[in-house]
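Please read these notes with the model open. They are meant for a quick pass.

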Amino acid sequence: MGGWAIAVHGGAGVDPNLPMERQEEAKRLLTRCLDIGISALRSNLPAIDVVELVVRELETDPLFNSGRGSALTENGTVEMEASIMDGSKRRCGAVSGLTTVKNPVSLARLVMEKSPHSYLGFSGAEEFAKKQGVEMVDNEYFITQDNVGMLKLAKEANSILFDYRIPIVGTCGAGAAAMDSPLQMNGLPISVYAPETVGCVVVDKEGRCAAATSTGGLMNKMSGRIGDSPLIGSGTYASELCGVSCTGEGEAIIRSTLAREVSAVMEYKGLNLHEAVDYVIKHRLDEGKAGLIAVSKEGEVACGFNTNGMFRGCATEGGFMEVGVW
Amino acid sequence: MGWAIAIHGGAGDIPLSLPPEKRLPREAGLRRCLEVGIAALKARNHPLDVVELVVRELENHPNFNAGKGSVLTTSGTVEMEASIMDGKTMKCGAVSGVSTVVNAISLARLVMEKTPHIYLAFDGAEAFAREQGLETVEMSHFITPENIERLKQAQEADRVQIDYTQPIQKETPKDAAVADGDSQIGTVGCVAVDNEGNLATATSTGGLVNKMVGRIGDTPVIGAGTYANHLCAVSATGRGEAIIRGTVARDVAAVMEFKGISLKEAAAYVIDRVPPGTAGLITVSSTGEITMPFNTTGMFRACATEDGYSEIAIWDSPSK
């Protein structure tokens with residue numbers, strides 16, 4: 001064992017009727033991100049740099065729900081959050097309520113390294129961003145036409161959409177969509193629920209683990225709503241043993257402190273990475289639907305989900321590589 | 001087995017030489033809040049109601065760092081945060097960046113019960129509070145002369161009190177912190193269990209003196225400052241950044257479960273693993289045990305059980 005390993009995700013919970021071209025688009029993006037991470041690992045960049053680099057790429061691409069392409073709040077604006085954790089000393093950084101910071105994960109890293117705190121939110125976070133000289137843009141930059149359409153749909157359905165990437169084909173909106181698929185997540189038909197929080201976990205050649213997660217949150221969320229992604233122990237966690245990034249129903253992930261759980265069962269029950277991932281997915285989620293990716297200091301990579309699919313990719317130094325949706 | 005309750009008013013570098021005028025009001029506050037909790041448990045209120053009630057009392061008390069009496073941000077403002085969790089259902093609620101809501105813990109409860117979300121912050125939290133008709137006041141209501149003084153001292157010392165994990169600011173003599181005596185106070189909390197084993201926890205704070213505007217600590221982060229499940233309920237206090245990294249509240253329950261050890265052993269184990277001088281916690285188990293370990297100089301705390309035991313303490317005591 002040993003050697004580097006990397007995994008990326010673009011969200012858990014996928015509509016079984018997701019058009020093939022969307023699946024292919026997602027897989028291409030995941031592959032591209034994996035390649036970026038792999039190059040970085042081959043250049044001996046430490047895990048913490050690699051996760052940031054990869055998540056920046058995911059934020060910049062409008063396909064998934066983070067950075068550009070983020071889900072919209074009930075006000076039609078974007079509020080982003082992210083967290084990053086370095087397993088070596090369990091240093092961490094998190095941000096919430098960002099509206100003009102181009103790459104939330106990088107701001108989270110700056111919170112970790114350049115502030116006396118671990119977590120900054122809203123106007124305080126934006127102020128910090130300005131002082132740090134990070135790239136800032138107008139809120140409009142993050143808003144895509146797809147998401148404007150989705151928000152309208154969500155309001156019509158008067159419910160929260162976790163994320164929804166299916167282009168509106170018919171005129172019946174949510175009603176028609178609901179009839180198409182019997183699967184549900186968070187009380188919504190799967191076709192109107194497709195969360196696409198992004199994340200990356202890495203273990204480098206030295207066995208150091210790191211994790212990062214970034215998101216725009218729930219479609220039609222209340223302004224000021226914070227989900228699991230910026231919460232250390234819930235959406236993101238890294239220790240000496242492993243790095244974990246989660247996605248899915250935020251409430252379920254928070255209540256089960258899902259990311260921390262993987263490391264805790266490894267530490268306290270002596271399970272290996274795969275056993276730990278299986279265990280937490282099977283036993284910790286109850287009614288909740290979620291997925292996660294994880295790496296261990298031994299160079300293993302694992303993913304688990306109890307949803308109908310998860311956009312993911314993983315690779316190890318030994319040559320294993322896989323990108324999947326189901 | 002019967003009911004049990006524990007409360008805290010913050011762990012930190014509370015000097016043994018704390019003068020009576022600073023110590024007595026806090027002891028009296030703890031005593032009163034404990035009595036409120038005991039009465040509520042005797043009246044068979046659900047632990048979730050009990051912890052909210054007690055934390056509201058602690059928030060209203062001006063000598064603790066929560067609600068009125070909250071420490072100030074670097075801009076001289078108040079940004080409060082709180083969280084609450086029910087051990088049986090594991091439903092939870094949290095708020096941050098609250099500046100006008102008289103009782104942040106009640107807002108956290110409303111987030112839990114009246115929204116599909118767990119955590120609301122800043123403007124969104126304030127707007128929700130108004131929608132819900134919660135009592136709001138001018139921010140000046142929360143600001144006390146002591147805290148204005150604390151902020152001034154911290155800014156003169158040019159460092160964030162109670163907490164920094166990176167040495168980015170210049171070192172200052174330890175005396176600067178001790179001079180004020182009670183500058184290292186953070187957070188209030190309450191954990192309770194009824195005689196059916198229902199558990200609940202609530203934590204509330206003004207945060208760190210001189211914190212950056214927008215800084216969020218461990219208090220509203222489920223698993224860090226607050227956690228409850230079927231085994232135990234936990235409320236932590238101390239250096240937020242260390243508590244977050246150490247997922248302190250969650251770990252107590254995790255260690256009990258995975259290592260099969262007692263509440264007391266689990267809590268001690270977790271406190272041992274955070275850097276010295278950074279944390280304390282109170283916790284009760286489903287079977288009515290209580291433990292309140294800390295690795296700081298002191299922790300304002302109190303507890304009581306149905307069989308008549310009660311305790312109020314600040315520094316080390318020989319009891320549980």
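This is a predicted model: local features need pLDDT of at least 70, side-chain atom pairs count only at pLDDT 80 or more; totals for chains, interfaces and linings use all residues.

1. Please read the distances and areas below as computed from it.

2. The sheet in chain A. Eight strands make an open sheet of mixed pairing, ordered S4-S3-S2-S8-S7-S1-S14-S15.

3. One strand pair. In chain A, S1 (residues 5-12) and S7 (residues 198-203) run antiparallel and share five bridges. Ala5(A) faces Val203(A) of S7(A) there.

4. A helix on the strands. Helix H3 (residues 104-114) of chain A lies across S2 (80-86), S3 (91-98), S4 and S8 (209-215) of chain A. Against S3(A), the angle is about 130°.

5. Extent of the interface. How much area is buried between chain A and chain B? About 3,700 Å², with carbon and sulfur atoms giving 63% of that area. On the chain A side, Pro116(A), Arg255(A) and Tyr268(A) lose the most area to chain B, together 20% of what that side buries. Chain A brings 43 residues to the contact and chain B brings 45 residues.

6. Polar links across the interface. There are 18 residue pairs in polar contact between chain A and chain B, counting pairs with both residues at pLDDT 80 or more. Several elements of chain A each supply at least two residues to the side that touches chain B, among them S3, H3, S4 and H7. H8(A) gives the most, with seven residues. Four salt bridges are found across the interface. Arg273(B) makes a salt bridge with Glu267(A), with the closest N and O atoms 2.5 Å apart.

7. Thr115(B). This residue sits in the loop between helix H3 (104-114) and strand S4 (119-121) of chain B. Thr115(B) counts as buried because its relative accessible area is 11%, under the 20% limit. Polar side-chain atoms of Thr115(B) lie 2.6 Å from the backbone oxygen of Val111(B) and 3.0 Å from the backbone nitrogen of His117(B). Beyond its neighbours within four places in sequence, Thr115(B) is in contact with Met222(A), Leu110(B) and Phe128(B).

Conventions. Residues are numbered from 1 along each chain as its sequence is written. Chains are lettered from A and ligands numbered from 1 in the order in which they are written. Side-chain values use heavy atoms; hydrogens and water are left out. Helices (H or I, at least four residues) and strands (E, at least two) are DSSP runs, numbered from the N terminus. Buried means under 20% relative accessible area, exposed over 50%, partly exposed in between (1.4 Å probe, protein chains only). A polar contact is a pair of N or O atoms within 3.5 Å; within protein, one must be able to donate a hydrogen and the other to accept it, and residues adjacent in sequence count only if both atoms are side-chain atoms. Contact means heavy atoms within 4.5 Å. Two strands pair if DSSP finds at least two bridges between them. Axes are lines fitted to C-alpha atoms, for helices over the stretch in contact, and angles run from 0 to 180 degrees between N-to-C directions. Buried area is the accessible area (1.4 Å probe) that two parts lose on being put together, summed over both. A salt bridge is a side-chain nitrogen of Lys or Arg within 4 Å of a carboxyl oxygen of Asp or Glu.
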